[in-house]
Amino acid sequence: MKRFLDLIVSALCLIVFSPLILVCWLAIKLGGGPAIYKQERIGLGGRPFYIYKFRSMVVDAEKEGEELLQQDDDPRLTRIGRFLRTHHLDELPQLWNVFIGDMAFVGPRPERKFYIDQIMQRDARYERLYVLRPGITSYATLKNGYTDTIDKMLVRLEMDLYYLEHQSLWTDAKILWKTFANIVSGKIF
């Protein structure tokens, strides 16, 4: 049932938000470089997939190696990218990930293997999350915000494991509503 709802709602959202998606795409393209950024993440069953986002950083931002965002003052963020991130518009292309089944609306945020390996060295329970489709939003994102350190990722893991044990369509609806309310109110998370 969850996958069916994700499919229908993502299709509707892709249609409804298509003008906004086009505006974001054009704004990034006018600054030069590709508008869509793809990055390998680990998803359902521990399988890799490509997550899609609007590019918010300069081209080749990670040429020196994988690095987490240093929040708002990160010099790699473009001007339009900072705006997109602040308003969570950089996440709009993930509607496609939900539509094709790589992601769900609600589930643990997908992570890169590079960081999963570091988390697993400290807590092997991360592997339990592989039974869930990763999500655009999560219980942990609402409670813990952006994770920019391994220690914060371990706190997020605890919350994701809590979600795993307590997931339901009602829980997902509450998480989606709270995410929507946060975005509309401009709350940073």
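Reader: Where is the place of S138?

Author: S138 sits in the loop between β4 (135–137) and α6, where helices (H or I, at least four residues) and strands (E, at least two) are DSSP runs numbered from the N terminus. The model is a predicted one, in which local features need pLDDT of at least 70 and side-chain atom pairs count only at pLDDT 80 or more, while totals for chains, interfaces and linings use all residues. Residues are numbered from 1 along each chain as its sequence is written, and side-chain values use heavy atoms, with hydrogens and water left out.

Reader: Why does S138 count as buried?

Author: A residue is called buried under 20% relative accessible area, exposed over 50% and partly exposed in between (1.4 Å probe, protein chains only). The value for S138 is 2%, so S138 falls under the cut-off for buried.

Reader: Which residues does S138 touch, and what does its side chain meet in a polar contact?

Author: Not counting residues up to four places away in sequence, S138 touches G107, P108, R109, D160 and I175, contact meaning heavy atoms within 4.5 Å. Its side chain also makes a polar contact with the side chain of T141 at 2.8 Å. That term asks for a pair of N or O atoms within 3.5 Å, one able to donate a hydrogen and the other to accept it within protein, while residues adjacent in sequence count only if both atoms are side-chain atoms.

Reader: Why is the pair of R156 and E111 called a salt bridge?

Author: The rule asks for a side-chain nitrogen of Lys or Arg within 4 Å of a carboxyl oxygen of Asp or Glu. The closest N and O atoms of R156 and E111 are 2.8 Å apart, so the pair meets the rule. Since R156 belongs to helix α7 (residues 150–166) and E111 to the loop between β3 (104–106) and α5 (113–122), the pair ties together parts that are 45 residues apart in sequence. R156, at 7% relative accessible area, is buried, and E111, at 6%, is buried as well.

Reader: How many salt bridges does this rule give, and which residues are linked in a network?

Author: The count comes to 11 salt bridges, and K53, E91 and R109 are linked in a network of them.

Reader: What does the salt bridge between D151 and R122 link?

Author: The closest N and O atoms of D151 and R122 are 2.7 Å apart, and this pair links distant parts of the chain, with D151 in helix α7 and R122 in helix α5, 29 residues apart. D151 is partly exposed at 47%, whereas R122, at 52%, counts as exposed.

Reader: What makes a space in this model a cavity, and how many are there of 30 Å³ or more?

Author: On a 1 Å grid over the protein atoms alone, a cavity is a set of points where a 1.4 Å probe fits but cannot get out, whereas a pocket is an open set with protein on both sides within 12 Å along at least five of seven lines, and lining residues have an atom within 4 Å of a point. The count comes to one cavity of 30 Å³ or more. The largest cavity has a volume of about 80 Å³, a volume being the space filled by probe spheres set on the points, which are joined across faces, edges and corners. Its lining includes I42, P108, R109 and Y126.

Reader: Which elements supply the lining of the second largest pocket?

Author: This pocket has a volume of about 210 Å³, and α6 (139–144), α7 and α8 (169–185) each supply at least two of its lining residues. The largest share, four residues, comes from α8. Among the lining residues is I175, which S138 also touches.
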